[in-house]
Amino acid sequence: MIPTITAFERSPDGGRGLARDMHVRWALEEVGQSYDVRLVSFGGMKQPAHLALSPFGSIPTYEEGGLALFESGSIVLHIAQRHTGLLPDDANARARAITWMFAAYSTVEPPILDRATAVILERDAPWHDERLPLVDDRIRKRLAELSRHLGDCDWLDGAFSAGDLVMVGVLRRLQRSGLLNEFPNLAAYVSRGEARPAFKRAFEAQLAVAMAASNS
Ligand code: GTB
């Protein structure tokens with residue numbers, strides 16, 4: 001059965017592949033699973049039909065037969081568990097790869113999301129100029145820890161896994177901040193992820209949506 005995912009009809013990132021459907025597209029491409037995409041407007045996300053799939057009115061969602069999922073992490077894990085290619089066979093290595101997915105979402109990403117909020121929504125606040133450096137330092141702390149762990153390895157724990165897919169997806173949001181370049185092994189890690197053929201296919205697919213939206 002071909003799954004259907006949802007994505008922004010008009011992504012605010014203009015095709016930079018930063019919205020969370022990118023994680024899901026990339027995972028599906030890595031395992032060779034074709035998929036359909038239903039594009040949703042900001043208004044449509046808050047309508048009952050979409051809220052029935054996503055209680056928080058967001059993308060991405062994932063439908064496959066009688067199964068409907070929301071949360072990109074849960075969707076990537078579902079894909080990884082049902083196909084080969086994103087999780088190791090060895091039970092302990094598998095558990096560690098899943099741990100890296102959680103680490104990406106719940107330990108590395110929170111200050112990165114704080115930064116996005118600061119830059120996009122709090123730019124005019126009187127305390128913005130004081131807060132941003134504090135947020136950046138919290139990001140630097142996490143990046144330094146991650147950089148130390150990665151060292152000169154290609155991936156976080158042996159072969160590329162769903163943990164790397166999510167971590168690279170999370171780190172990509174820093175590309176315009178300059179923070180990633182302070183940690184050359186992390187910048188190279190992100191580039192390695194982006195060089196994967198599956199990433200490129202997923203990126204091109206979401207870019208095509210953004211280009212069509214900008215021409216309409
Ligand atoms: N925890 C959820 C998950 O991982 O699936 C978070 C889902 C989420 O935040 N979805 C966002 C959304 O639907 C899109 S991805 N927002 C609309 C709404 O809630 O009304 C987050 C995102 C948005 C925009 C950019 N950007 O422009 O760069 C990057 C990431």
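Helix 4 contributes eight residues to the lining of the largest pocket, the most of any contributor. The model shown in these views is predicted.

View 1. Two helices, helix 3 (72-82) and helix 4 (91-120), each provide at least two residues of the lining of the largest pocket. With its eight lining residues, helix 4 gives the most.

**View 2. The space inside the largest pocket.** The largest pocket holds about 1,100 Å³ of space. It is lined by 34 residues, and those closest to its centre are Leu18, Leu113, Ala116, Ile120 and Arg173. By class, the lining comprises 17 nonpolar, nine polar and eight charged residues.

**View 3. The ligand and its shell.** The ligand takes up the space of the largest pocket. Around the ligand there are 16 residues, of which Arg20, Lys46, Ile59, Glu71 and Ser72 come nearest. Eight residues of this shell are nonpolar, three are polar and five are charged.

View 4. In the side chain of arginine 20, an N or O atom lies 2.5 Å from an oxygen atom of the ligand. For lysine 46, the distance from an N or O atom of the side chain to an oxygen atom of the ligand is 2.8 Å. The side chain of glutamate 71 places an N or O atom 2.7 Å from a nitrogen atom of the ligand. The ligand taken alone exposes 680 Å², and the protein buries 75% of that area.

Note on methods
Residues numbered from 1 in each chain as written. Predicted model: local features only at pLDDT ≥ 70, side-chain atom pairs only at ≥ 80, totals over all residues. Heavy atoms only, no water. Near = heavy atom within 4 Å. Polar contact = N/O pair within 3.5 Å; in protein donor to acceptor, adjacent residues only side chain to side chain. Areas by Shrake-Rupley, 256 points an atom, 1.4 Å probe, with all protein chains shown as cover. 1 Å grid on protein atoms, 1.4 Å probe; cavity = no way out; pocket = protein on both sides within 12 Å on 5 of 7 lines; lining within 4 Å. Sits in = over half its atoms within 2 Å of the grid points. Nonpolar A, V, L, I, M, F, W, Y, C, P; charged D, E, K, R; others polar. Points joined across faces, edges and corners; volume = space filled by probe spheres on them. Helix = DSSP H or I, 4+ residues; strand = E, 2+ residues; numbered from the N terminus.
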